[in-house]
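Dear colleague,

I am passing a structure on to you, with some notes on what turned up in it. Please look through it first and then read on.

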Amino acid sequence: MILYHGSTVIVKEPRLIQQNRYLDFGFGFYTTANQLQAEQFALKVAATRKGSAIVNLYEIDNSSIFEKLKIKQFDSVSSEWLDFVSQNRTGTYIGEKHDLVIGPVANDDVFRTVQTYLAGVITKEQALESLKVKQLFNQYVFTNEFAMSFLKFVNAKELTL
């Protein structure tokens, strides 16, 4: 399988960097199987940080990760996914730890729905119904060094701004 990581730098050897914000699936190295999603993220980050937009490409052996890693996988938006993302985005997740978390990404548009739910403006059922109509791409989040050891850097491509 091929995975992409949008950034402003070439990341030949992924490592965990302490973040100053809470993300969908918690602390980790975020990748996606969707090249366009990685490109859009790289362009967004480059515009904010005034740097180059870089998409890093990695190979990973699907069969070995499912045998050797503790994986949490969400196949679609669900009540469990919404709870997991909500708790991670608010920094309140205290559940089980996983080496790799796979599932739909809560992009800015999606997170507005999650924020509205967290604020109590809409119910969980309304949030889930609203999210069903959104096109959600996937993300693969490697949460520790052992999990990241399965990523094999292939190359990086600089995008034109």
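At what angle do helix H3 and helix H5 pack, and how far apart are their axes? This is a predicted model, in which local features need pLDDT of at least 70 and side-chain atom pairs count only at pLDDT 80 or more, while totals for chains, interfaces and linings use all residues. Residues are numbered from 1 along each chain as its sequence is written, and side-chain values use heavy atoms, with hydrogens and water left out.

Helix H3 (residues 79–90) and helix H5 (residues 124–132) pack at about 100 degrees, with their axes 10 Å apart; axes here are lines fitted to C-alpha atoms, for helices over the stretch in contact, and angles run from 0 to 180 degrees between N-to-C directions. Helices are DSSP runs of H or I with at least four residues, numbered from the N terminus. H3 is therefore roughly perpendicular to H5, a term that covers 65 to 115 degrees. Ser79, Trp81, Leu82 and Asp83 of H3 meet Lys124, Ala127, Leu128 and Leu131 of H5, where contact means heavy atoms within 4.5 Å.

Turning to the aromatic rings, the whole structure holds seven aromatic pairs, counted when ring centres of Phe, Tyr or Trp (its six-membered ring) lie within 6.5 Å, with planes over 60 degrees apart called edge-to-face. Phe84 and Tyr93 form an edge-to-face pair, 4.9 Å centre to centre with 75 degrees between the planes. Phe84 counts as buried because its relative accessibility is 6%, buried being under 20% relative accessible area (1.4 Å probe, protein chains only). Phe25, Phe74, Phe84 and Tyr93 form one aromatic cluster.

Best regards

Definitions and conventions: Helix = DSSP H or I, 4+ residues; strand = E, 2+ residues; numbered from the N terminus. Parallel < 35°, antiparallel > 145°, perpendicular 65-115°, else oblique. Phe/Tyr/Trp six-rings, centres within 6.5 Å; stacked < 30°, edge-to-face > 60°. Buried < 20%, exposed > 50% of the residue type's maximum accessible area, 1.4 Å probe, protein only.
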